[in-house]
Amino acid sequence: MQQTISHETIERAVAEAIRIRTNAYAPYSNFLVGAALVDGDGNIYTGCNVENASYGLTNCAERVAVGTATTLGRRDIILCVVVTDTPAAAAPCGACRQVLSECNQHMQILCTTPDRNDVWCTLDELLPRAFGPNDL
Ligand code: THU
């Protein structure tokens, strides 16, 4: 079941994702990503991508944001906002979809850009039949 998210909360989350994106450490790709997660009480948790000279150790913005929320004791994420400065908004990578699904398979996803090319979808659409705890 999807929870309704107020316009004000959505705008706060987008503003946070746009802001946090500028903290991305992406000297290898120069591709800066910002993410903001919203929990069931409207709290916001942010993350940016953190690259490494050993490229495979790079952490995506969305997974950093899941770490932020988890560290602060929340996993009940209902919205993930992802911001990239691209002509069309980019969707979370496959690894991030899997990690997000551990929080809530049904969360809403808003992919957007600093100049607001918004694309809405759900994690169900991005990762159908996700592998989860019930498969173990
Ligand atoms: N990246 C993210 O932060 N999130 C995604 O969903 C896709 C990719 C980052 C990883 C890397 O730092 C850069 O974007 C280029 O792949």
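Cysteine 103 is buried, with a relative accessible area of 16%, where buried means under 20% relative accessible area, exposed over 50% and partly exposed in between, taken with a 1.4 Å probe and the protein chains only. This is a predicted model, in which local features need pLDDT of at least 70 and side-chain atom pairs count only at pLDDT 80 or more, while totals for chains, interfaces and linings use all residues. Residues are numbered from 1 along each chain as its sequence is written, and side-chain values use heavy atoms, with hydrogens and water left out.

**Cysteines**

- The count of disulfides is zero, a disulfide being a pair of cysteine sulfur atoms within 2.5 Å.
- The sulfur of cysteine 103 has its closest cysteine sulfur in cysteine 80, at 9.3 Å, which is too far for a bond.
- Cysteine 111 also counts as buried, at 3% relative accessibility, and its sulfur is 4.8 Å from the closest cysteine sulfur, that of cysteine 121, again too far for a bond.

**Ligand**

- The residues that surround the ligand include Ser29, Phe31, Val33, Thr58 and Pro92, each with a heavy atom within 4 Å of the ligand.
- A polar side-chain atom of glutamate 51 lies 2.5 Å from an oxygen atom of the ligand, and a side-chain N or O atom of asparagine 49 is 2.9 Å from a ligand oxygen.
- A polar backbone atom of alanine 61 is 2.9 Å from an oxygen atom of the ligand.

Key: Polar contact = N/O pair within 3.5 Å; in protein donor to acceptor, adjacent residues only side chain to side chain.
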